[in-house]
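Please keep the sequence and the model in view while reading.

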Amino acid sequence: MTADTEVEALRRQGRIVVVGASLAGLRAAETLRDQGFTGSLTMIGDESYEPYDRPPLSKQALLGRARPEDTALPRRCDIDAAWRLGVAAEGLDRDAKQVRLANGDTVPYDRLLITTGTRARAWIHPEEAALDGVFVLRTRDDSTHLHRKLTSGVSRVLVIGAGFTGSEVASVCRELGLEVTVAERGPAPLVGALGGVIGAAADRLQRGKGVDLRCGVSVTALEGDYGGRLRRAHLSDGTAIDAEVAVISLGAVRNTEWLAGSGVAAGPRGVACDAGCRVFDVNGIVTDDIYAAGDVARSPHPLFDYQFLSLEHWGNAVEQAEIAAHNMICAGTKRIPHLWVPMFWSSQFGINIKSVGVPPLGDQLVVTQGSLTEERFVAVYGYRGRVIAAATFDGAKWLGFHQEQIAAGAPFPPEYRTVGRRTETLQPVDPDFPDPHLPTHGPTVTLSGHSPSERRVQFVPSRA
């Protein structure tokens, strides 16, 4: 028996704890069992439900075309796990190798996988957030309560934030025949994720569908009546909007607070890990018993300048979870990197919006097919002379091609003379992303620094 074989035999035993009963957590658990892990497996989740699919909650479930309780994720295999649901992880003791739960219990581990994901950012004023009619949308319960409210005879809905979730909620409201106002502090919808050039197309789309879109303004206060019901919202431009429902769509918060003081490199941007999903400690030293996957993880990617990427993508959660699970139980020589090219999709106002790569990293953009004014196009982003991303409105069939271009480091502007119909020139323009130091609503990829292994030293010659 070789040394690697002995190591793998040992790593397929013991105790693995997964904190986060999520899509990533479930797929990791299935991969562990499928690849021969025979030890004990514990799944910890703060919700009382087993893992379920979140994308339908802002689409089919909110329209009433699917029940939130029917969004449970299908099982690939029996994971033979102990489920600790309805109780959140509250702390991590790395020395004792224990997870502390909110109810005071502790769960020992030999290896730990963090898949705690994100939660919806709450409204900034707790007393206003508690008004009847103020909602966020992230969980099954959120979707159930919001659908019930939207179909109870309300007359006007206010959506705060025009990122992907906010835009999807606005689309649902119009499909239900409800008047909806969207307040966005940026210059257009989707600017944080796709930039102002494509944001302008999203602006025209929403206004054309009857949305009362207010850009460049913030909601300063939510006002309730004596019964604690929402009645009015006040905006930064001095106007007020009467509304019975307000949906807060101000982006996501990564669930890392429970790791405070643990010595793990975790914070508001997520849990830092290497390309093999192994978590870094606060000194930038990689651990070998703690891993991270899904929305909560951030890791360097060679295709994107080795910057840390935090990806809020369904496909990334699955891919990264499977790689984390594989690496948790195999010898070092057989570990594999997570080099998934980000992909994202959204359905709103009758348009299928998809992207591949990391649009916010782009410094130039060209429209290679269709027209922005026709709301049917393919746009390609460049970064330092190579293709870095693409975004489409009803042009998803070309994403596979552009994914190959990104992986190959194809030059930008694109060298091909034509791919299908094109009505706009290939003259690059600034994609018009907001200042990265300012908050935006709904970017699905966050660039958050460089790999801790990248050393930047400036040589200073002696003056003697």
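The numbered points below go from the whole chain to single residues.

1. Basis of the note. The model is predicted, and local features need pLDDT of at least 70, side-chain atom pairs count only at pLDDT 80 or more, and totals for chains, interfaces and linings use all residues. Residues are numbered from 1 along each chain as its sequence is written, and side-chain values use heavy atoms, with hydrogens and water left out.

2. The chain as a whole. The secondary structure comprises ten helices and 29 strands; helices (H or I, at least four residues) and strands (E, at least two) are DSSP runs numbered from the N terminus. Of the 464 residues, 52% are buried, where buried means under 20% relative accessible area, exposed over 50%, and partly exposed in between (1.4 Å probe, protein chains only). Among contacts with a separation of 6 or more, 66% are between residues 24 or more positions apart; contact means heavy atoms within 4.5 Å. The chain exposes about 20,100 Å², and carbon and sulfur atoms supply 49% of this area, computed by the Shrake-Rupley method with a 1.4 Å probe, where for residues only the protein chains shown count as cover.

3. Six strands, in the order 3-2-1-7-21-20, form an open sheet with mixed pairing; two strands pair if DSSP finds at least two bridges between them. From one strand to the next, the twist averages 30°. Strand 2 (residues 40-45) and strand 3 run parallel and are joined by four bridges; T42 has A82 in strand 3 as its bridge partner.

4. Helices on the sheet. Helix 2 (residues 23-34) lies across strand 1 (15-19), strand 2 and strand 7 (111-114), at about 175° to strand 2. Helix 9 (residues 314-328) lies across strand 1, strand 7 and strand 21 (286-292), at about 140° to strand 21. For these angles, axes are lines fitted to C-alpha atoms, for helices over the stretch in contact, and angles run from 0 to 180 degrees between N-to-C directions.

5. Nonpolar cores. Which residues touch the most other members of the largest nonpolar core? They are V157, L194, I198 and Y381, in a core of 63 residues. Strand 28 (residues 386-393) gives the most to this core, with six residues. A nonpolar core is a set of buried Ala, Val, Leu, Ile, Met, Phe, Trp, Tyr and Cys residues joined through side-chain atoms within 4.5 Å. Leaving aside neighbours within four places in sequence, L194 is in contact with F164, I353, S355, P359, Y381, A391 and F433. Another core, of 25 residues, lies apart from it and has L23, A24, M43 and A317 among its members.

6. A buried serine. S167 belongs to helix 6 (residues 164-175) and counts as buried, at 1% relative accessibility. Beyond its neighbours within four places in sequence, S167 contacts A162, P189, L190, Q206, Q348 and F349.

7. Backbone details. The peptide bond from F412 to P413 is cis, with omega near 0°; P413 lies in the loop between helix 10 (399-407) and strand 29 (445-450). K97, a residue other than glycine, has a positive phi near 55° and is found in the loop between strand 4 (89-93) and strand 5 (98-101).
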